[in-house]
Structure formats: structure tokens, C-alpha cells
Amino acid sequence: MLHTILTLILVSPLIGALIAGLFGRQIGRVGAHTATILGVTISVVLSAYVFNQFVLEGAEAYNASLYTWLVTDGIRFELGFMIDELSATMMLVVTFVSLMVHIYTVGYMDHDEDYDHNDPYYQRFFSYISLFTFSMLSLVMANNFLQLFFGWEAVGLVSYLLIGFYMKRESAIQANFKAFLVNRVGDLGFILGIAVVFVYFNTMDYNEFFAQLADNKDVMIEIIPGVEWSMITLMLILLFVGAMGKSAQMPLHVWLPESMEGPTPISALIHAATMVTAGVFLIARLSPAFEMSEVALSVVLIIGALTAFLMGLLGLIQTDIKRVVAYSTLSQLGYMIAAMGASAYAAGMFHVLTHAFFKALLFLAAGSVIIAMHHKQEISDMGGLKKYMPITYIAMLIGSLALIGFPGFSGFFSKDSILLSLNEAERFGSSFAYILLMAGVFITAFYSFRMFFLVFHGEESEYVKTHQIKESPWVVTVPLVLLSVPAAVMGLPMIEPMLNGTYFGSALQILPQNDVMMTVYTTYYHGAVDMIVHSFLTLPVILAISGVVLAYVMYVQVPTLPAKLKKMCPRGFYVLDSAYGFDRLNDIVFVDGTRKLGHFFNRVVDGKIIDTGMVTNTFMAVSNSADALRQSQTGYLYHYAFVMILGLLAMLVWTLW
Amino acid sequence: MLTGFPILSTLIWLPIIGGLLVLFAGRNNDSAAKWLSLATVVATFILSIPLWTGFDNSTASMQFVEQVAWIPMFNIHYHLGVDGLSMPLVLLTTFTQVLVIASAWDVIKDRVEQYMGAFLIMGGIMVGVFVALDSILFYIFWEALLIPMFIVIGKWGGPKRVYATLKFFLYTFLGSVFMLVSFLYMYYLSGSFSILDFQDMPLGMTAQILIFLAFLAAFAVKIPMFPVHTWLPDAHVEAPTAGSVVLAAIMLKMGGYGFVRFSLPITPDASMTLDWIVIALSLIAIVYIGVVALAQSDMKKLVAYSSISHMGFVTLGMFLVYDIVQNTGSMQGAQLGMEGAMVQMISHGFISGAMFLAIGVLYDRMHTREISAYGGVVNKMPWFVLFAVIFSMANVGLPGTSGFVGEFMVILSAFKANLWYGTLAALTLVIGAAYTLWMVKRVFFGAVVNDQVEQLQDLNKREFAIMATLAIAIIALGVFPGPLMEVMHTSVGHLLVQATTSKL
């Protein structure tokens with residue numbers, strides 16, 4: 001019974017995707033969105049059932065195989081399900097956000113400047129987002145590394161297709177190419193991590209892998225003669241490289257800002273709520289392994305904290321509404337990863353969940369603004385939109401308050417659990433990370449409300465004055481309302497079971513001495529309401545509120561201030577404007593470097609040395625001697641060939657005689 | 001299985017006789033030539049299916065055996081048979097032949113009967129290579145294949161076809177002469193030309209080394225391996241589409257097949273001593289050739305280099321067993337690599353065939369293969385681009401396509417043999433994606449760049465059917481590789497025992 005339900009959850013979006021994709025022209029727009037929305041709705045409803053069973057009722061984890069991909073060398077490569085609190089939660093979040101995005105898309109993709117109305121782009125888009133839902137579900141439901149990798153690559157593929165959805169635009173097809181390549185660099189680490197699992201554990205199955213961890217604790221691996229590393233640390237770092245690609249951690253973050261070339265609904269679904277959190281999910285899923293390597297956890301912690309802080313800073317100067325949200329996603333992903341590195345897995349996952357809702361909300365609200373602005377995305381073209389778009393305004397406000405961690409909102413609880421846990425952590429790098437993340441709170445508040453004030457308050461721009469701006473249709477606003485509710489209140493009932501570890505139960509494994517969240521729970525926690533009340537005197541909330549106030553002063557009260565500041569420190573601005581130079585470095589070293597190397601190999605090694613040197617000289621010798629003969633012959637090359645074969649046969653007969 | 005029906009002979013001679021018939025009956029009657037050819041390849045394909053359905057997975061011995069004395073004086077036999085290593089390749093051949101004939105349907109207008117006839121004859125000969133169990137018979141098929149291919153490129157090829165054909169011919173011919181000498185030497189020792197006898201006979205180390213190198217010369221050229229690979233891009237560029245398809249999908253596999261049928265079982269000790277040569281050349285193929293592919297401006301050349309790079313996985317997977325045994329003390333993991341290599345051959349047959357057919361579709365319309373002449377094809381040919389992107393993603397080794405299966409297996413196995421082998425091999429994840437998707441970006445996506453692209457028509461029904469068949473094959477093998485594996489298990493296990501049993 002459960003097996004059938006899980007199979008249905010997994011395949012119904014796939015069926016919807018196939019119907020919309022293959023028969024899009026025949027069934028038309030309505031047929032396509034009905035089929036896909038129906039498919040995803042089935043998944044949501046059944047996921048809710050599964051969520052109830054596993055999270056609320058606390059059913060035993062379910063582990064079963066779906067089908068065997070191949071068996072060889074005594075290893076079964078399978079697809080299957082591992083359902084516990086962790087996957088059940090992710091399933092519900094993925095399907096719910098996906099459903100909201102499906103509905104929203106009906107409005108958002110209705111008209112498109114890039115496509116002729118007769119082009120079935122609309123059907124194709126629905127097909128892709130349903131296909132994405134299927135891929136993401138197979139990733140989170142997996143019970144083994146192979147399937148994880150399947151899902152991992154499949155979401156990458158759909159992301160590639162969707163970033164390049166406007167395939168006539170050079171910027172879009174450049175962005176998706178880059179996204180795929182950067183993700184592949186991560187996948188390189190990931191597949192090597194899987195190879196370590198294969199070599200030392202002889203299985204792909206999570207449970208069998210976990211069972212052997214203790215026996216392999218002290219295995220060393222010789223990287224180069226004389227240099228030995230802990231096998232588990234190496235494996236985890238390699239797997240984490242994969243996570244860095246998908247979850248856009250520095251220095252593999254460069255693809256995410258450009259992924260905003262895709263239509264806004266998928267920025268919400270893929271590049272904010274679900275796919276980019278796959279790396280965080282991976283670490284949570286493998287928590288029993290990560291617990292065994294302090295080194296790997298420190299790496300995770302430091303990379304996460306750096307990403308959270310440095311990417312947040314870049315959010316300060318963005319002028320495109322989607323880019324602000326994109327950098328904020330990068331920064332928030334850093335928070336989640338840092339939490340993982342501090343062994344506060346539940347806190348990180350908690351932030352994944354709240355972030356999925358409030359970030360999807362923010363993106364969809366930004367999309368609503370973009371619709372109203374007739375697909376203009378520059379913040380400077382907006383201003384004073386509050387009175388034209390009240391629903392979007394409130395949605396954006398709720399999303400922003402959740403994002404900055406305003407007391408009571410969902411993001412407050414998840415972010416505060418991360419910060420409190422980090423404060424308790426004693427791992428290498430944890431104080432450094434704590435400072436960065438704390439500073440990040442101020443930055444987050446500042447850039448979020450900078451955008452908020454510039455878009456909705458202040459002077460109306462010329463564009464707003466001269467064009468008719470109106471609130472978006474119901475298919476757009478209903479998802480906003482539906483997402484606002486969890487973004488506002490979902491933290492309240494979840495904080496306690498998250499902190500004391502009962503929410504995820506045995507799905508997350510933490511060594512007692514690493515369990516910082518339990519320390520936080522026993523030392524500081526006296527109920528959710530108490531947490532809200534006392535928070536106004538704590539540093540994070542003070543920082544968040546000062547960020548908002550400063551944004552208000554700079555962008556509403558004294559709007560001339562930002563320009564002055566920019567003039568005062570041009571260097572700082574330059575560093576931020578060039579995004580720390582990662583793109584230039586990549587362009588010069590990797591892109592141009594490899595291309596030049598390729599041309600060099602092609603021209604010199606293959607061309608001059610092998611072809612001219614080795615081959616043509618031999619060829620010329622043969623050809624010159626053949627010239628003499630050619631005079632008396634037919635001149636057809638294949639005649640020569642035939643004669644050669646005959647001659648060879650004659651020679652053969654002669655030798656054997 | 002023992003139906004008594006000479007199924008292997010039928011698969012060899014039906015297309016050859018059909019080809020001769022087409023040559024004579026199809027003169028001045030293109031339509032008859034086409035239909036007769038199609039009937040022949042379809043019949044051959046259907047007749048090859050019992051090889052799969054009647055195959056006994058539990059044994060490594062030869063099946064569907066046919067043996068009659070041919071030249072008794074030298075103990076040469078007309079001896080045919082298949083095992084789990086060759087049977088899938090036979091099916092790949094008969095399957096590809098159908099697509100090859102279909103792909104030339106309206107495209108070739110000049111001397112249709114000769115073109116079709118050449119491909120039919122090639123099809124029979126290729127089956128012969130995979131099923132011959134007598135080394136002389138094998139050698140005859142091996143060399144005979146050059147003639148129709150030579151004619152196809154030389155006659156229907158591009159402007160530099162003379163250079164390309166001679167290069168192709170000399171390379172492969174020179175490589176295989178050494179192989180023939182090895183056969184003769186082993187005949188003097190054993191009194192038999194049977195490949196199975198060669199596999200069982202004892203051989204001294206010096207002899208093994210020399211024979212191994214002779215085989216390496218023959219097979220390395222065919223696969224091709226660095227540094228004897230430069231004939232392939234030239235041959236591809238000049239060959240007509242169907243020629244490229246046969247070349248990439250089947251002829252390259254003959255080299256890989258040679259390693260598992262000859263090198264490993266006949267010269268196991270030399271293979272163990274010299275495995276580093278093959279491994280080093282394979283890794284160079286995967287990494288270096290991949291980077292060279294990035295620099296190509298001609299689509300066919302790019303896919304040709306990509307083929308060489310992918311064939312690096314085949315040779316790598318085949319020679320991992322020795323390092324695995326040496327480093328871990330057991331064979332665990334070697335089977336994975338070897339089967340990965342075999343799957344990679346089948347998969348590459350589909351993918352490279354598909355890529356060349358896709359390029360052919362564009363070439364038929366625009367008469368250029370220069371990447372820079374294209375851009376924004378998707379706007380005019382959406383169905384075509386759908387298939388082309390599926391094929392490209394398979395070329396990139398995306399899970400769910402056949403391209404993933406072999407690469408994944410070989411990478412895992414290589415990592416077991418040596419951490420750095422695995423790491424270098426895995427670089428293909430990035431390099432392969434770079435050259436393939438960069439081409440995809442420049443050719444298929446973007447805005448329409450010129451009037452010629454503006455005029456493009458999407459796939460016709462025939463092209464659609466070919467593309468769809470390949471796409472289904474690629475995805476089916478990617479999602480359900482299990483059945484193919486089961487066919488190979490026993491034979492691969494047997495091969496690994498042979499490869500690790502000393503003959504000294």
C-alpha cells in the first residue's frame with residue numbers, strides 16, 4: 001500500500017510532464033496545465049498523507065527497492081525509497097511549492113515577448129516544471145547513492161533547460177551553459193565521492209553504508225605516495241564538492257546569479273526553494289558519516305559562513321530585483337551549510353524548510369512586480385508601487401520579514417536556531433563563522449529592505465507614472481497568499497521539536513558531544529513565545545532592526561545618501577561590483593585557458609607533430625612510389641586497395657605453402 | 001539454441017548476397033535498389049533477434065556454433081560462434097544497418113545501387129568479424145571490410161576524400177599486418193588457426209610481449225587510440241553520413257572487441273606487464289582528446305574527437321583488472337570495469353550513430369558542417385533539436401541515458417584500481433559537457449543567425465522515425481541496462497579468469 005502511494009507520488013508528475021511535453025500541441029494550453037497540475041496535486045495530497053504518517057505519527061522509516069537497475073560484481077545498483085522524517089518533509093515541501101508555482105505559471109507565462117503565441121512554449125514550460133518535480137522527488141526519496149546521483153543530474157538537466165528557456169537570448173543560453181558546467185565540476189567531486197563509497201563500502205545503499213561506517217573509521221587512503229588521508233574525510237569532502245555545486249557555495253556559486261535569466265517561476269521553484277537546497281539535504285542525509293569527520297565538518301562550516309557573508313554583501317549593490325533575491329538566496333544557503341558544519345543539522349534543515357516558503361514567496365512576489373512592470377526588472381524603474389499592488393506589497397513584506405528573521409516569523413526561528421547553535425559549537429572555525437553569520441544578519445536586513453523600499457515606497461519613477469500598473473491576476477496572487485501563511489507562522493509550532501531533536505528523530509544522527517542544538521534547547525529554550533519576547537534584547541534582532549532602519553534612512557528619508565557613499569569609497573564598490581572577480585578569474589583561467597590549450601593541442605600536437613610529422617611524411621613516401629605505378633594504372637584508388645588485398649592473400653598462400 | 005538453422009551464416013551472407021543483388025538488379029532502378037536493400041537489412045535484423053532470445057546466459061562457451069573444414073591442408077575452418085561478448089555487438093550491427101539504409105534514402109542520388117550495395121556488403125562482413133572463431137576467417141573479414149568502406153568514402157566523400165581514404169587505409173592496413181604475422185606464428189606453434197585454441201595454448205613471455213604489441217598495433221589503430229587516432233577525424237569529415245555512422249557505431253568497436261577476444265585471453269601475462277601502456281593511452285584519450293574536441297570548428301570533427309575520448313573508457317575498463325588484483329588482492333571491481341567497457345561500446349554505437357545522423361540531417365539541408373554557419377536552429381527545427389539535445393545529453397553521460405552506464409561503471413572500477421585513474425577519467429564529466437554543450441549552444445540555440453537557417457525545414461517522417469528509434473534505444477539502455485548485463489556476466493567472468501591465468 002505505502003509502496004504504491006510512494007510510487008504514485010514519484011511518477012504522477014512524470015506522467016503529467018510527458019503528456020504536456022509530447023502532446024502539447026494536441027491538448028493545447030488548458031490540457032497541458034490541467035494534466036501537470038493534476039499530476040502534482042496527486043503528489044501533494046499523497047505527500048501530505050506520508051508526512052502525517054512519518055512525521056506526525058512517527059512511523060518507522062521505510063526502506064524498499066523500486067527496481068533493480070543492474071547487478072554486477074556482487075553489488076546491486078537499484079532505485080528505491082527511503083522514507084523517514086527527513087524525506088517525508090522534503091517531499092511535502094517540494095510538491096507544495098511546486099504546486100504553487102504550477103498555478104502561478106498559468107498567469108505568468110500567459111503572454112511572452114520571446115515567443116509567438118502559436119509556439120507551444122507554454123506547454124513546454126509546464127512539462128519542464130513537472131519533470132523537475134519528478135527529478136527532485138527521486139532525489140529526496142532515494143535510498144541509495146546511485147539514485148541520489150540520478151536525481152542530482154536530472155534536476156541539473158531541467159535547470160539547464162529552464163535557465164535557457166528564452167533560447168533566443170544570448171545571455172540565457174550563456175547562463176545555462178555556465179550553470180551546467182559549474183554544476184558538473186561539483187558532480188565531478190560527487191561521483192568521486194561515490195567511487196570512494198563503492199571501493200571501501202562495496203554498496204550503494206545508504207543503510208548498508210551507515211552500518212559499515214564504524215568499522216571503517218580509521219581507514220587511511222594514500223593520495224600520493226607518502227601522503228595519507230582519512231578515507232572518510234576524503235569521501236565527505238568529495239561529496240561536499242557536489243553539494244557546493246548544487247547549493248552554489250563559493251567558489252562554485254557563480255552560476256546562480258546568472259540562472260536568473262530563466263523565467264521567474266522557476267527561479268522560485270528551482271533556484272530558491274528546492275534544487276539549490278539539495279546540497280544541504282545531502283549533508284543531512286549523510287549526517288551519520290559527517291559526524292565522523294571533524295575536518296570535513298569544519299570545511300563545510302567555513303565555506304558556508306564565507307558564502308553567507310560575502311554573497312550577502314553583493315546583495316547590497318544589485319539593481320535588478322531578481323538579482324537581489326538571488327544573492328539573498330546564496331547568502332541564506334550559506335547559513336544552512338554553515339549550520340550543517342556545526343552539526344546543527346536540524347537547524348539547517350529547518351532553515352531549508354522556512355526558506356523554501358519565504359523565498360518562493362519573495363520570488364513570486366518579485367515576479368508579480370515584474371508582470372506589473374511589463375517585464376522590466378530594474379529597481380530604478382520602480383518606486384511607489386505600494387498603492388497599485390496591495391496584495392503583492394503585503395506578500396513581499398511578509399517574505400522580507402521572514403527573511404531577515406523578524407521575531408515571530410518563520411525565518412526568525414530557523415535563523416536563530418542556527419546562530420544559537422553556532423555560538424555553542426566548539427569546532428575549528430566556529431567562532432569565525434559565528435561572527436560572519438551575525439554580520440550577515442545586518443546585511444540581510446539592509447539589502448532586503450533596501451529593495452523593499454525602493455520598489456514599493458519612495459518616489460514613483462517616470463516609468464510608473466507613465467504606464468498603467470495594476471495588481472496581478474488571481475492565479476498569481478492566490479499562490480502568494482497561500483505561501484504567505486507558512487512563511488509567517490510555520491516556525492512557531494516547529495521550533496521546539498526541531499531544537500530537541502524529536503522532529504527528525506533517527507533520520508539525523510548526531511554524536512552526543514556534537515549535539516549543540518540540544519545544549520541550546522536545555523540552556524536557553526523556555527517556549528516559543530518566550531523566545532519571541534526575549535529576542536528583542538538579543539543581538540540578531542537588534543542587528544536586523546538596525547538594518548531595516550538604516551535602509552529606511554538611506555532610501556526613503558535621505559535618498560541622496562547612497563550616491564554619496566558610492567563616491568566616497570569607489571574601491572569597495574568596485575570589489576562588490578565585480579563580484580570579487582570570480583567571473584573574471586574563471587573566464588581568464590578556465591574558459592580561455594582551456595580553449596587556448598585545446599587549440600594548441602589541435603594545431604601543434606595533433607596537427608604538426610602527429611599528422612605532419614608522423615603521418616604525412618610516411619604517406620608522402622608511399623604516395624611518391626605509387627606515383628610511378630599510377631601512370632600505367634586506372635587511377636582509381638579502390639583498385640589499388642583491391643590489388644593490395646589480393647597481393648596479401650597471394651603472399652599468405654605462398655608463406656603457407 | 002541448437003535449432004540447427006545456421007543463423008550466424010545467414011547474418012553474414014544474407015546481406016552480402018543481398019548487396020550483390022542490389023548491385024545488379026538495382027542498376028538504373030533506384031527505387032528497386034532502395035526497397036531491396038531495406039528488405040535485406042530488416043530481414044537480417046529480425047533474423048538476428050533469436051540470438052538474443054535463444055541465448056543461454058549461464059555459459060561462457062560459444063553458442064550458435066557452425067564449423068566446417070575450409071582449407072583442411074592448413075587446418076583452417078569456417079568456424080563461427082558467439083558468446084556474451086560478441087552477441088550484443090552482432091545485434092548492434094544488424095540494428096545499425098537498418099538505420100544506415102534508412103538514412104541514405106532520399107539523400108543519395110548518385111549511383112544509389114552501388115552505395116546501398118556497399119553498405120549491405122559491409123554489414124555482412126562486420127557480422128563476420130564479430131562471429132569468426134578461426135583467425136584466418138577473422139582476418140579476411142577484418143581486412144575485407146576496408147574495401148567497401150574505402151569505396152564509400154572515396155566515391156561519395158567530401159573534397160579531401162583521397163587524402164582521407166589513403167590515410168584511413170594505410171593506417172588500418174599497416175596495423176593489421178602485424179596481427180596476421182602473429183596468427184601465423186601461433187599456427188606454427190599450435191598447428192591450429194582456431195582463436196579458441198590460441199586462447200588455450202601456452203606462450204612464453206617474449207612471444208607474448210611481441211604478440212601483444214602486434215595486436216595492440218592493430219586494435220589501437222581501429223579504436224583508435226592516441227597517437228594513432230588522426231585518421232578518424234579526417235575519415236569522418238570526408239565520409240558521407242552513413243559512412244560515418246558505420247565507422248563510429250561499429251567499426252571502432254572491432255578494436256575493442258579485439259582486445260577482449262585476442263589480447264587479454266591470448267597474452268594474459270604480457271597484458272599484465274604492459275597494461276600501463278593501454279591505461280596511459282586511455283587516460284590521454286579521455287582528457288587530452290576531450291580538450292582537442294573543444295577546439296574543433298567542424299561538427300563532425302568534434303564528434304569524431306568525442307568518439308575517441310569515449311572509446312578511452314572502453315580500453316580503460318578492459319585493462320583495469322591487473323591493477324585491481326595487485327592493489328586489493330581480489331578481482332572484486334574488475335567485472336564492473338570490464339562490463340562497463342562492453343556497455344560503453346554498445347552505448348557509444350547508439351550515441352555516436354545518433355550524433356552523426358543528426359549532423360547529417362543538418363548537412364543535407366545546409367551543406368556545411370561548420371559550427372559558425374549555424375545558430376538558432378531550434379527556432380526552425382524544434383523536433384530535431386529535441387532529439388539532438390537528447391543525443392547530446394547522452395554524449396555528456398547524463399544518467400538515464402546509455403552514455404552514463406558505461407562511464408559510471410568504468411569510473412568506479414578505475415577508482416578502485418587507482419585513485420588517480422578514476423579522477424582523471426571522471427574529468428570527462430566536465431570536459432565532455434564543455435565541448436558537447438558548447439556546440440549545442442552555438443548550433444541549436446540562440447536567435448536565427450542567417451537566411452539559410454531561416455529556411456530550414458523540420459524533420460520529415462523518415463528522419464523522425466530514425467531519430468526517435470535511436471532516442472528510445474539510448475534511453476531504454478540507460479534506464480534498463482540490466483538485461484544487457486545479464487547476457488555478458490558469464491562471458492566477462494570467464495574472460496577475467498582467462499586474463500588473470502598465467503600462460504607461462
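This is a predicted model: local features need pLDDT of at least 70, side-chain atom pairs count only at pLDDT 80 or more; totals for chains, interfaces and linings use all residues.

For chain B, the mean pLDDT is 89, and 99% of the residues reach 70 or more.

Let me turn to the fold of chain A. Chain A contains 28 helices and four strands. Its radius of gyration is 28 Å, close to the 26 Å that the globule rule gives for 657 residues, so chain A is as compact as a globular protein of that length. The C-alpha trace of chain A spans about 105 × 65 × 55 Å along its principal axes. As for burial, 57% of the 657 residues of chain A count as buried. If we take the contacts in chain A between residues at least 6 apart in sequence, 80% of them join residues at least 24 apart.

I now come to the contact between the chains. Chain A contributes 49 residues to it, and chain B contributes 56 residues. Which elements of chain A each supply at least two residues of the side that touches chain B? They are strand S1 (62-72), helix H5 (145-163), helix H6 (170-201), helix H27 (582-630) and helix H28 (637-656). H6(A) gives the most to that side, with 14 residues. By residue class, the side of chain A that touches chain B divides into 31 nonpolar, nine polar and nine charged residues.

Technical notes:
Residues are numbered from 1 along each chain as its sequence is written. Chains are lettered from A and ligands numbered from 1 in the order in which they are written. Two residues are in contact if their C-beta atoms, placed from the backbone, lie within 7 Å. Ala, Val, Leu, Ile, Met, Phe, Trp, Tyr, Cys and Pro count as nonpolar, Asp, Glu, Lys and Arg as charged, and the others, Gly among them, as polar. pLDDT is the predictor's confidence in each residue, from 0 to 100. The radius of gyration is taken over C-alpha atoms; the globule rule is 2.2 Å times the number of residues to the power 0.38. A residue is buried if 20 or more other C-beta atoms lie within 10 Å of its own, exposed if 12 or fewer, and partly exposed in between; C-beta atoms are placed from the backbone.
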